[in-house]
Amino acid sequence: MPLPRSRLFLLAILLFALLLPPVQTHADESPPAVRIGVLAFLGDDASGQAWFPLLDHLQHRLPGYRFSLVQLNHDGLERAVTAGELEFVITNPGHYVELEARHGASLVLTLDRGDAPAAERALGSVVIAPRQRASLRELPDLRGQRLAVVGKEGFGGYQLVWRELLAAGLEPERDLAGLLTLGLPMDRVLAAVERGDADAGVLRACVLEQQPDWQTRFRVVGARSEPGFPCVTSTRLYPDWPFARLRGTPPALGRELALALLAMDRQRDGLAWAVPADYQSVHALFRELQIGPYKDLQPPTVMMLAERYWPWVAGFALLVVAWVLYTVHVERLVDTRTAALRAVIEERQQLAADMRASQERADHLARLSVLGELSGTLAHELNQPLATIANYAGSLIRRLDGHRLTDDAVREAAGEMATQAERAADILARIRGFSRKRRMPRAAVSPREMVDEAVALFRGMLGGAPRIDIASALPPGLAVEMDALQIQQVLLNLLKNGYDASRSLPAERQALALRLEQADDLLLITVRDHGSGMDDETRRQLFEPFFTTKPEGLGLGLAICRSIAEAHGGHLTAAPAADGFGSEFTLSLPLNASGRDAHA
């Protein structure tokens with residue numbers, strides 16, 4: 001039966017459309033790709049979930065790039081780096097040291113898990129055995145036993161324990177019944193130990209605690225006491241995983257990623273990063289095991305020479321001559337490389353020592369600054385209650401000397417002295433609570449009372465504090481849900497900046513103004529100074545990390561203040577004053593339901 005003409009016409013249009021070349025659009029111009037290789041020691045699914053917050057954070061902070069995670073095992077990651085298929089890598093410290101020596105990888109940041117004592121002491125390994133194997137308690141008990149590992153190249157899966165076995169007098173290749181190499185993910189080691197395929201196994205520290213009822217299923221062999229470390233470990237602790245830039249990746253891109261990753265918050269993003277840790281302990285381990293960059297330090301044996309140069313063994317005389325010449329050559333080569341390597345290590349150790357000394361000096365100055373400010377506050381705040389206590393004590397002595405002391409006078413003086421002592425204790429508690437580094441729960445707080453406390457602290461920290469005019473247009477009873485200590489930190493920073501901007505000016509221009517008002521559903525707190533103001537370029541960069549106009553500044557104060565404001569759902573902005581003198585910083589915070597009901 002012939003097709004109707006309408007259907008034939010539609011078929012012809014469809015064929016014509018299929019034969020047309022695709023239309024190129026501007027959507028094809030995708031942003032540049034940034035590939036980050038990740039060592040998947042727990043398998044692709046577990047590793048993807050662990051690193052997804054990092055990928056999401058980078059894509060949000062740097063929308064001009066297209067980020068992707070490439071999850072690979074040790075060998076796959078090595079091949080991808082060799083082929084130039086990656087821009088950055090996240091791997092274990094041992095693999096990073098090898099990449100640094102072979103491919104010129106450079107350290108950018110170090111992972112900061114937050115539960116370890118420090119980034120330099122955050123990674124270890126644990127040896128486990130079935131719970132019923134009561135004879136396996138210490139590492140020397142592993143002699144003649146089968147040990148399950150992910151592989152000899154595994155840093156936390158074998159090499160850390162290898163070093164401890166050598167220290168305990170065990171050579172794994174000689175004294176163990178065998179090494180059972182299982183590969184990644186590390187869960188295979190747990191399964192092999194439970195099935196009885198191996199007498200013991202090696203896991204990265206903190207993997208065991210993720211297993212349900214692990215204390216009834218396994219025992220720890222050679223447990224060590226590492227203060228502050230939250231997990232069981234059988235080895236010394238080493239630095240955490242690094243984030244490294246590969247050779248060929250633009251340094252500018254590395255700086256952008258470093259700034260973006262430093263802005264990650266552990267409670268908000270699930271991950272956090274710190275400045276690069278010292279990886280000298282990893283180099284020490286590799287030197288002791290003579291692996292990685294230090295494998296050339298291993299002296300050659302006669303068997304190695306015979307296997308490598310077997311054609312020369314044809315004649316006895318030629319063999320002797322060849323062996324002598326080769327031995328001299330190798331020893332000279334080892335000496336040359338050892339000297340060069342020792343020079344590099346000494347230079348690196350000296351650089352690390354200089355960095356530690358500089359950090360210690362900076363920490364010492366910061367502590368002196370905080371102690372000086374708190375001492376000024378204590379002297380200012382405690383003067384009145386201490387003077388009152390002294391007056392009443394002197395009055396009691398004079399009345400006692402004059403035989404005019406009565407029970408009522410003693411009761412009145414003792415009560416007033418107790419009141420003043422409680423007042424002094426409250427002052428100490430307030431200053432100690434403000435200086436303590438801890439997260440405070442949010443609660444409904446009176447903005448005016450919070451501002452008054454911040455101003456009192458500021459005046460106490462400065463001997464010659466300027467006049468601070470406070471104007472409030474808030475309705476009575478208004479309360480706003482906030483972390484009062486964090487908001488006081490923002491106000492103290494703004495007051496200090498205003499004081500720095502105007503303290504070299506005449507006295508009438510050194511006064512600061514603080515205004516509280518309500519605009520729709522927002523609480524507005526404005527700090528105004530009468531300094532010389534800022535130009536547009538400075539104002540645009542004001543809240544960027546590491547930007548500062550002070551010679552001694554770090555450029556982090558206002559960036560942290562803005563982060564605190566945004567964590568409360570608000571904003572922190574800067575604008576020139578309306579009369580042209582000075583600047584105004586406005587902190588806006590949302591009014592919660594309790595705050596609106598309090599003054600309804």
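## Overall make-up

The chain contains 19 helices and 18 strands, and of its 600 residues 39% count as buried. Among the contacts in the chain with a separation of 6 or more, 74% are accounted for by residues 24 or more positions apart.

In soluble globular proteins, nonpolar side chains tend to be buried together. In this predicted model the largest nonpolar core has 68 residues, and the members that touch the most other members are I36, W51, L54 and W273. The element that gives the most to this core is helix α5, spanning residues 155-167, with six residues. A second, separate core has 37 residues, including V480, A565, L572 and A574.

The surroundings of I36 can be listed, leaving out residues up to four places away in sequence: I36 touches L54, L58, F67, S68, L69, V70, L86, F88, I90 and F243. One of these contacts, L54, is also named with I36 among the core residues that touch the most other members.

## Helix α3 and its ends

Helix α3 covers residues 74-82, and its buried residues are H74, G76, L77, E78, A80 and V81.

At the N-terminal end, α3 is capped by N73, from which a side-chain oxygen lies 3.4 Å from the backbone nitrogen of D75. Beyond the other end, just after α3, G84 takes a positive phi of about 70°.

## Packing of α5 against α11

Two packed helices are described by the angle between their axes and the distance between the axes. For α5 and helix α11 (residues 280-289), the angle is about 65° and the axes are 10 Å apart, and the crossing of α5 and α11 is left-handed.

On the α5 side the contact is formed by F155, Q159, L160, W162, R163 and L166, which meet S281, V282, A284, L285, F286, E288 and L289 in α11. Sorted by class, this contact of α5 with α11 has nine nonpolar, two polar and two charged residues.

Is E87 buried or exposed? E87 is counted as buried because its relative accessible area is 15%, which is under the 20% cut-off. E87 is found in the loop between α3 and β3, where its side chain makes a polar contact of 2.7 Å with the side chain of R35. Leaving aside neighbours within four places in sequence, E87 is in contact with A33, V34, R35, A244, R245, L246 and T249.

E194, by contrast, lies in helix α7 (residues 187-195) and is partly exposed, with a relative accessible area of 47%. Not counting residues up to four places away in sequence, E194 touches R217 and F218, and a polar contact of 2.9 Å joins the side chains of E194 and R217. E194 and P130 are 64 residues apart in sequence, while their C-alpha atoms are 6.6 Å apart in space.

Conventions:
Residues numbered from 1 in each chain as written. Predicted model: local features only at pLDDT ≥ 70, side-chain atom pairs only at ≥ 80, totals over all residues. Heavy atoms only, no water. Buried < 20%, exposed > 50% of the residue type's maximum accessible area, 1.4 Å probe, protein only. Helix = DSSP H or I, 4+ residues; strand = E, 2+ residues; numbered from the N terminus. Polar contact = N/O pair within 3.5 Å; in protein donor to acceptor, adjacent residues only side chain to side chain. Core = buried A, V, L, I, M, F, W, Y, C linked by side-chain atoms within 4.5 Å. Contact = heavy atoms within 4.5 Å. Axes fitted to C-alpha atoms, helices over the stretch in contact; angles between N-to-C directions. Left-handed = near helix turned anticlockwise from the far one by under 90°. Nonpolar A, V, L, I, M, F, W, Y, C, P; charged D, E, K, R; others polar.
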